[in-house]
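I want to walk through the strands and helices here and jot down what I look up.

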Amino acid sequence: MLSSMEKSIAELRETFKNGGTKSISWRKSQLKALLQLINQNEDSIFKALDQDLGKSPVESYRDEVGVLKKSVTYTLSCLEKWVAPKKAEVPLLFFPAKAEVMPQPLGVVLIFSSWNFPFTLALDPLIGAISAGNTVLLKPSDLAPACMSFLVETIPKYLDNKAVKVLAGGADIGERLLQLKWDKIFFTGSPRVGRLVMAAAAKHLTPVTLELGGKSPAIVDTLSTTPSKAKVTAKRIVGGKWGPCTGQACIAIDYVLVEEKLASTLIELLKKTIKRFYGENIKSLKNISRIVNKHQFQRLVNLLKDPNVADSIVYGGSVDEEKLVIEPTILLDPPLDSEIMSEEIFGPLLPIITLKNIEESINFINSKSNPLVIYAFTEDDTFKKRILSETSSGTVTFNDSMVQFLCDSLPFGGVGQSGFGRYHGKYSFDTFSHEKSIMHRGFYPEIEPRYPPWTDFKLLFLKLAYQFDYFGLILLLLGFKRS
Amino acid sequence: MTSEVENKPVFCTESAKELVKELRASFATGKTKSYEWRLTQLNAMVKMMEEKEPQIVAALHDDLSKPELESSIYEIAMLKNSFRLAVKNMKHWMMPEKAKTSLVTFPSSAEIVSEPLGVVLVISAWNYPFLLSLDPIVGAIAAGNAIVLKPSEIAPATSLLLARLVAEYLDSSCIKVVEGAVPETAALLEQKWDKILYTGNGRVARIVMAAAAKHLTPVVMELGGKCPVIVDSDINLQVATRRIIAGKWGCNNGQACISPDYIITMKDYAQKLIDSFKCELERFYGKDPLESKDLSRIVNSNHFARLSKLLDEDKVSSKIVHGGERDKENLKITPTILLDVPRDSLIMNEEIFGPLLPVFLVDKVEDSFDVINSGTKPLAAYLFTNKKKLKEKFVATVSAGGLVINDTTVHLAEPTLPFGGVGDSGMGAYHGKFSFDAFSHKKAVLYRGFACDAFVRYPPYTRGKLGLLRALFDGSILGIIRALLGWSKA
């Protein structure tokens with residue numbers, strides 16, 4: 001007797017097998033329907049995000065609704081180009097032959113999304129999976145329950161139920177899903193769960209994309225340029241830390257590296273900007289999300305419990321357990337072996353680490369595992385080159401924060417402990433496709449030396465052929481070369 | 001730690017740990033990143049193939065009785081090409097790739113930079129022990145990594161030769177060979193690698209991927225499957241037959257991941273096909289194929305027993321229409337064809353990897369697609385036909401790593417085509433630039449300036465900003481103007 005979960009998945013397999021998702025017209029209709037879903041339900045989406053995370057409509061539009069609309073529109077405009085086979089060059093030796101690479105859907109795919117950007121991280125991979133012609137099971141995170149309910153209720157109203165399904169539930173549902181065979185698993189979340197997902201995928205040889213996290217640093221070297229650049233730097237750091245879901249983002253700035261002598265300048269600029277953006281203190285806090293739940297709240301509060309860490313707080317530090325709010329907090333040089341400096345913070349606490357010389361930031365970053373992104377505020381081209389060649393991260397963004405997420409032409413993904421695989425733009429389409437090689441050959445001409453019995457002549461012929469030494473081949477055939 | 005039997009130190013977890021530590025230290029010096037280092041290593045590989053060809057051919061003959069031509073062409077010549085291609089193109093491959101930016105991030109510029117992953121592990125197979133060890137290494141070196149190669153113990157002469165040659169020709173501080181069997185492989189798999197490329201079977205692949213999962217190591221799996229050949233009527237039968245033979249018995253006597261595994265053809269056409277096979281097989285291998293020097297042997301007695309079992313199954317043993325002779329002592333089985341095998345026989349459900357070719361019959365050629373799709377996705381699928389519509393349906397319907405129409409196996413030699421599987425036949429791909437990419441991290445880089453700081457990004461969040469953001473995302477200049485003038489809805 002099949003459970004309802006297994007029946008759903010069987011239906012997805014059947015739909016895929018019958019070719020229900022192959023046609024470009026089907027894919028386009030689903031993408032258009034998704035766009036309609038977003039356009040017609042904006043207010044409900046804003047409401048759900050406010051309920052789960054305290055996000056304001058502007059933040060929700062900037063980080064979720066707008067991103068998704070842009071993604072669908074871009075995919076719709078490029079889909080025909082992406083689906084077309086690509087010609088591959090064939091050497092003269094194989095004449096007449098034609099070679100091409102044709103993208104094909106993988107089949108039935110599973111998408112796990114995270115709670116911090118519950119719409120973007122669920123629907124952006126979904127856009128990729130549908131555009132590539134797969135059937136999909138989406139498992140949103142139950143830690144953002146209003147958003148999850150919205151997706152469960154609303155997606156069936158707009159998309160093809162036989163091909164796209166949404167399943168509500170918690171970790172236990174996730175575990176059950178992982179026991180089954182999928183043609184691809186796309187996971188956004190923590191490295192710990194990433195390991196479990198990959199281990200489960202290994203049993204079925206299912207390829208995976210893991211979008212994980214890490215401690216994304218911001219190197220600050222622009223404070224002694226001009227006052228306006230210093231101000232913009234501060235704005236972008238503040239915007240890149242507390243702007244996205246109050247620091248609960250895989251690409252949020254985790255910590256800052258700055259030269260000792262500029263630390264106080266930086267802190268003053270940050271304080272001013274924080275006050276202007278978010279209010280003077282925790283009572284008047286506005287324009288900022290809250291912590292998702294008690295568990296995360298307690299985890300963050302615990303990071304500040306260490307007396308040496310608490311001592312290093314230079315701004316903020318107040319918390320409101322009832323409202324699940326922690327005000328923007330800056331720490332100056334907390335102990336490097338403290339938890340706040342070894343774990344991914346994923347919250348509104350910003351350690352500033354001072355260095356004698358800003359170039360030391362490279363070694364500092366390399367002493368930790370590869371982050372998802374390195375932010376570097378600098379105008380020194382030599383330093384930029386060093387950062388690029390001497391550090392490793394998913395992405396490097398110079399002189400800004402967060403915006404790389406909006407670039408459809410840049411692959412978005414990690415390396416090492418921050419994950420593997422990538423998406424956004426065409427990379428989303430590719431991540432859910434198999435690139436099938438195809439070679440067309442004619443019956444003529446025939447190259448006799450391919451066939452046994454083997455002789456020295458055939459050996460020499462093939463050696464020359466493999467070197468594409470056409471002249472040598474002619475000589476051999478004319479009898480001017482000896483075997 | 002030494003064993004009592006030999007005076008050779010045992011390679012255990014501690015040794016593997018030390019090995020990785022040493023390679024990480026070498027990688028950290030930045031040595032492997034330099035273009036010069038990569039070029040030196042690749043050129044050394046070409047030299048190695050040229051200078052040591054007789055030894056390589058001899059080792060392959062020891063391990064597999066591989067005919068000299070197969071060794072020279074399918075292992076050595078192919079490898080030389082691979083290295084030369086990398087030498088020629090590496091500078092270009094290493095260059096950053098410009099990426100477009102849009103209005104949303106204006107003004108900015110973007111690029112994608114290739115960087116090495118770090119310390120990588122290549123585990124290769126026994127059937128093309130040189131090719132499958134060194135071809136992945138071309139990519140790993142070109143991409144700037146430090147490397148450990150674990151050749152297959154089932155081809156011991158080549159494993160030993162590889163260990164010696166790599167130590168002699170390449171930079172041993174960055175490229176090492178670890179010989180051994182299951183315990184040594186297990187010790188290696190416990191370590192953290194930045195990438196693992198495994199060539200082999202599905203059972204071991206699951207073990208490799210599970211080990212990789214512990215360290216979040218990305219993998220490329222080059223596996224196998226049952227590569228079908230659909231043979232339609234109305235074709236040049238002689239050419240088709242010869243090409244199937246070349247791909248089957250001409251490739252290590254069927255012990256190759258992309259060898260035609262089985263044939264699907266119409267009931268009415270089968271006899272003609274079989275007759276053609278008989279004729280061409282005799283032309284190629286003589287009246288007594290057990291004596292032919294142009295066929296590899298079966299690699300060892302385990303595989304010999306496995307193949308014998310496939311032939312001896314009751315429902316199949318009566319279906320042999322050609323060959324079937326065996327020489328257990330010399331590990332030889334003659335090219336064998338079976339006609340009209342049942343769908344549920346072992347030989348139609350396990351990857352054969354040997355010189356047995358079952359022919360499965362259908363009423364009409366279109367029925368072949370269902371037969372293929374009812375099994376797991378193979379590494380390759382082949383079709384011989386002159387019908388345009390059939391070719392189109394084949395390409396659209398059959399999911400496999402790669403497809404070839406009117407030939408077999410040749411796509412392997414085409415470096416502009418990615419070589420890899422899908423589903424049970426594997427994940428990831430390599431060859432040509434795909435090898436370089438397989439061992440690289442493609443780092444996204446965005447350059448921004450300080451001019452035009454878009455105030456809409458920052459709090460305080462107002463309805464006006466919402467309207468502007470909408471317009472910005474829509475990419476509409478007019479919309480932005482209207483929003484700025486306060487004319488659009490928030």
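**Entry 1: a covered strand**

I started with strand β9 (residues 262-266) of chain B, which is mostly covered, with 5 of its 5 residues buried. A reminder to myself: this is a predicted model.

Next I checked which way the side chains go. Tyr262(B), Ile264(B) and Met266(B) point one way from β9(B), while Ile263(B) and Thr265(B) point the other way. Both sets are buried.

Then the neighbours. β9(B) runs parallel to strand β8 (residues 228-231) of chain B, and 4 bridges join the two. I looked up one partner there: Val231(B) is bridged to Thr265(B) in β9(B). β9(B) also pairs with strand β14 (residues 356-362) of chain B, in the parallel sense and over 4 bridges. Here Met266(B) has Val362(B) in β14(B) as its bridge partner.

**Entry 2: the whole sheet**

How many strands does the open sheet have, and in what order? I get 10, with mixed pairing, in the order β1(A)-β2(A)-β18(A)-β16(B)-β15(B)-β8(B)-β9(B)-β14(B)-β13(B)-β10(B). The edge strands are β1 (86-88) of chain A and β10 (320-322) of chain B, each pairing on one side only. Ignoring direction, neighbouring strands of this sheet are turned by 25° against each other on average.

On to β8(B) and strand β15 (residues 380-384) of chain B: they run parallel and are joined by 3 bridges. I noted that Ile230(B) has Leu383(B) in β15(B) as its bridge partner. Helix α11 (residues 301-312) of chain B packs on the sheet, where it touches β10, β13 (336-339) and β14 of chain B. The direction of α11(B) makes about 35° with that of β14(B).

**Entry 3: α3(B) and two helix partners**

I took helix α2 (residues 35-51) of chain B against helix α3 (residues 53-64) of chain B: their axes are 5 Å apart and the packing angle is about 70°. That makes α2(B) roughly perpendicular to α3(B). Met48(B), Met49(B), Glu50(B) and Glu51(B) of α2(B) meet Glu53(B), Pro54(B), Gln55(B) and Ile56(B) of α3(B). By class I have 4 nonpolar, 1 polar and 3 charged residues in this contact.

The other partner is helix α6 (residues 156-169) of chain B, whose axis comes within 7 Å of that of α3(B) and crosses it at roughly 150°. That puts α3(B) roughly antiparallel to α6(B), because angles over 145 degrees count as such. From α3(B) the contact includes Ile56(B), Ala59(B) and Leu60(B), and from α6(B) it includes Leu161(B) and Leu165(B). Its residues come out as 7 nonpolar, 2 polar and 2 charged.

**Entry 4: over to chain A**

Why do I call helix α17 (residues 456-466) of chain A largely enclosed by the rest of the structure? Because 8 of its 11 residues are buried. Among them are Lys458(A), Phe461(A) and Tyr466(A). What do the buried residues of α17(A) pack against? I find α18 (470-477) of chain A together with α4 (68-94) of chain B. One last item: just after α17(A), Phe468(A) takes a positive phi of about 55°.

Technical notes: Residues numbered from 1 in each chain as written. Chains lettered and ligands numbered in written order. Predicted model: local features only at pLDDT ≥ 70, side-chain atom pairs only at ≥ 80, totals over all residues. Heavy atoms only, no water. Buried < 20%, exposed > 50% of the residue type's maximum accessible area, 1.4 Å probe, protein only. Pairing = 2+ DSSP bridges. Axes fitted to C-alpha atoms, helices over the stretch in contact; angles between N-to-C directions. Parallel < 35°, antiparallel > 145°, perpendicular 65-115°, else oblique. Contact = heavy atoms within 4.5 Å. Nonpolar A, V, L, I, M, F, W, Y, C, P; charged D, E, K, R; others polar.
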